[in-house]
Amino acid sequence: MANNVEVKEIKYTAKDFASDQEVRWCPGCGDYSILAQVQRTFPEIIDRPKENIVWVSGIGCSSRFPYYMNTYGFHGIHGRAPAIATGVKLANPNLSVWVASGDGDLLSIGGNHFIHACRKNIDLKILMFNNRIYGLTKGQYSPTSEKGKITKTTPYGSVDYPFNPPMLALGAEASFIARSIDRHPKHLQEMIRRAGLHKGTAFIEIFQNCNIFNDGAFSLLTEKDTKDDHVLELVHGQPMIFGKNKDKGIKLDGMTPMVVDLTTGKYSKDDLWVHDEFDPNPARTAILAMFDETPGFPTPIGVFRQITKETYDEGLFRQIEEVKKKKGEGDLEKILFSGNVWEVN
Amino acid sequence: METEKEKELLQLKEVTIRFAGDSGDGMQLTGTQFSETTAWVGNDLNTLPDYPAEIRAPAGTIYGVSGFQLHFSSEDIHTPGDQPDVLVAMNPAALKKNLPELKKGGMIIVNSDSFDIKNLNLAHYESNPLEDGTLDGYQVYQVPISSLTANALEGVKLSPKEVSRAKNFFALGLMYWLFNRPIDNTVKWIHEKFAKNPEYIEGNEKALRAGYNFGEMTELFTARYTVEPAKLPKGTYRSISGNEATALGFLAASVKSGLPLFLGSYPITPASEIIQYLSTYKNFGVKTFQAEDEIAGITTAIGASFAGNLAITSTSGPGLALKTEAIGLAVMTELPLVIIDVQRGGPSTGLPTKTEQADLLQAVCGRNGEAPVAVVAAATPSDCFNMAIEASRIAIKYMTPVILLTDGYIANGSEPWKIPHVNELPDIPVKFRTEKEGFYPYLRDENLARPWAIPGTPGLEHRIGGLEKSDIYGNVSYDPDNHHKMITLRAKKIKNIENDIPLLEVEGESSGELLVVGWGGTYGAIKEAVNKARAQGYKVSQAHFRYLNPFPKNTEQVLKSFRKVLIPEINLGQLARLIKSEFLIDVQQFNVVRGLPLRVADIVDQIIKTLGGNNGK
């Protein structure tokens, strides 16, 4: 099955991926941008007829996503999108399978499925819309809400520590981990493109503004006057530089990162940590993922990690072929009549 | 020189043997081997493995006792037997636990070596039952199985522990001799099983032969017994357990439908063997996915069904509870899916290794919203094969989830199975929708099934999910009248399946005084009880449900043809409740929930009681 993908010239435009359904997110929702970037990117990255694309989701605002894509789509139940998507992929490995999920959906009720999809390296693209709040249930804190967050269920402030999504994905040894922001369309397009081309579980955390229940959660990263000082754009092979005037950098001293000032003459570009997406060692990626939690450090966006290893689906079909070779194609009559059989005359 | 006296060979019609020992003593293996050989020589048989949930409870204790009962006969039989005629007890705890069940005057073979102070204490015996008169009235044979095995294995390169472990083969050999069975089958099995360990082959085979020869040589036994082959219909047979039959049934459904089989499952007793068996059929293209939890088990299957595989998920009661929401999703998306529930004792974790049939209401009703699914149940171990095929057929034809109920007893128990040829099995037609013209995701065919339009089909891109969908078009809809319509349509679709399943059969007269009605794995016990009551002159018939939702079309007519209806169940009256509410008839219940199959004698008593003593004779 895996080898007979129909190869034909496909020329799609963003419009081809828009369904006839009216999009019903709140006006101003960050989801609109994500939908638009997906539709814009797909003509470039979809290497197969669009009937071979499946979008799967769980429950939540973001999970209405499949309805708006003119592909095959499955709106599942809360948290289970990665598992449903796994079944789709294993039933037919020719399909390009995408998951749209939120921080509550994927990391809370669906945490188990998320880590196991990463661990097994199933060839799924998982887009997690992270607005650090429960939107569809109208404003309760989520597993990515910051400690002390005041919400409807935490009127005195949340006492939970939040998940760090890239760290979680890294802990489960995901083969592709990236982050982007709804209000950074070009960057988001690039991350979607990269995820789409990756073979294996590709996880993108997308910071997304919920203008109703958590407006401005990422304003430091999106507002003109603050974003340059708070966002570090990761580029493979490039030193880590940020700041309005490209005046700050990250230096790695052993395993300890430090923010250095490039204007004093003490440090130059050559002293900085050069980003390596393909670094097989997860330790440095973990240091990177911890930046957000370290005061004074910028929030990295971009591809944190991309490594290559056999996907679960490849392994499954390889094994089926190997067993067929060894035992021959299954013969039901032979199986039924095997074991200790006897005749009654 | 004295010539050996040929021992008397006594003919028996049927025997029930229980092997009991410590969970480390290999009693399940001994029982299985005895069953295989017994099936092979042509007896009808029925087995009941009964083991503790602990893998290795402390040796010598009563809660660590593992048992295997088998009933074999020269006639058609249906149960593992109420009470054993023969008990093989490898230690005092096994004796203590099983003695109350043994038939009065029955035969006891004990490993006398194990009746030391330590083991007697562990079994809470204050004095040695072999000496204090406890066993008066039984035929007791004290055989020093441990030391005889050790003697026989002298010179074999095995550790003392390994030598001790071989004693189950000694016991098996002795029983083969006593019941006049050949040892060749087991010798062959030993050679295959331990192909990589020549010293295990040598040790186990020696122990087996030593046991057999001990029977021959010792003066202990004055007679041996034989049970003639049963008169089974002509054909090729094998012994099969319910779980293996279930797995083969799905394999057959995959072959007969031409659909790749996908099983998403999470290990759970007593259902795990289904995924274990199916995992060995990779060369059929079978995809077994050991999921991270029960919910992933079923949701991966739903995804696979959406993408066009024959998708199934296997579990037991607690797992079915976890899958509940996803079953609702499969109802809403109207995708074919088979959910196998190998029922065990509940509630909660309950009695993981014991049988029960208390998930019927969970299967029929246990979901949020109006979420009808088809429910079928296998009646015997080999019937699991048929019902797995039936469940798949119904799921595909009606685009619906189907719950297949089996239970711990028939799943682990085995019986001779007349093997069907592949060409005798029904084809399962599959229609994937491919025409673009006039396609809507919730368009329905004559069976009210919606089209199975799988991803990869050009022009049929559509979205489905758990939110209510508009009739025909399948867009999300909150329209109140549409919801009512869809609820009604889904219910009607399931109800219509009644036109496509066999009628409820009555065994015995088709009308009269009393009908005993059962479902699932109690078939054999009820059948034997009804036969016994009839042999005593009572006028009683039997009807057994294998289709529980919908019920067969003639159910009401059948039930109303009898003055009284008795429903024995291993629950507190779940079928009785469904029958009463659906057909507004009064029924008598007989409910015993002990984690064990119903006892034939108890059902017979109940039949007589229901008939009011001699009434109905």
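B:Ile17 stands opposite B:Leu70 in β4(B). In this predicted model, residues are numbered from 1 along each chain as its sequence is written, and chains are lettered from A in the order in which they are written. Local features need pLDDT of at least 70 and side-chain atom pairs count only at pLDDT 80 or more, whereas totals for chains, interfaces and linings use all residues; side-chain values use heavy atoms, without hydrogens and water.

**The sheet of chain B**

Strand β2 (residues 14-22) and strand β4 (residues 65-73) of chain B run antiparallel and are joined by 9 bridges. Strands are DSSP runs of E with at least two residues, helices are runs of H or I with at least four, and both are numbered from the N terminus. Two strands pair if DSSP finds at least two bridges between them. An open sheet of 6 strands in chain B has the order β3-β4-β2-β5-β6-β7, with mixed pairing. Because β3 (44-50) and β7 (139-143) of chain B each have a single partner strand, they stand at the edges, and one side of each is left without a neighbour in the sheet. From one strand to the next, the twist averages 15 degrees.

Helix α1 (residues 27-40) of chain B lies across β2, β3 and β4 of chain B, at about 10 degrees to β4(B). Such angles run from 0 to 180 degrees between N-to-C directions, with axes fitted to C-alpha atoms, for helices over the stretch in contact; contact means heavy atoms within 4.5 Å.

**Charges over rings**

A charge sits over a ring if NZ of Lys or CZ of Arg is within 6 Å of the ring centre and within 35 degrees of the ring normal.

| Charged residue | Ring | Distance from the ring centre |
|---|---|---|
| B:Lys96 | B:Tyr125 | 4.9 Å |
| B:Arg450 | B:Tyr442 | 5.0 Å |

**Aromatic pairs**

Over all chains, a search of the whole structure finds 35 aromatic pairs. In one of them, A:Trp25 and A:Tyr68 are edge-to-face, at 5.0 Å centre to centre and 80 degrees between the planes. Rings of Phe, Tyr and Trp (its six-membered ring) pair if their centres lie within 6.5 Å; planes under 30 degrees apart count as stacked, over 60 as edge-to-face and the rest as tilted. The pair links distant parts of the chain, 43 residues apart: A:Trp25 is in the segment before α1 (31-45) of chain A, and A:Tyr68 is in the loop between β1 (53-57) and β2 (72-75) of chain A. Both A:Trp25 and A:Tyr68 are buried, that is, under 20% relative accessible area, with over 50% exposed and partly exposed in between (1.4 Å probe, protein chains only).
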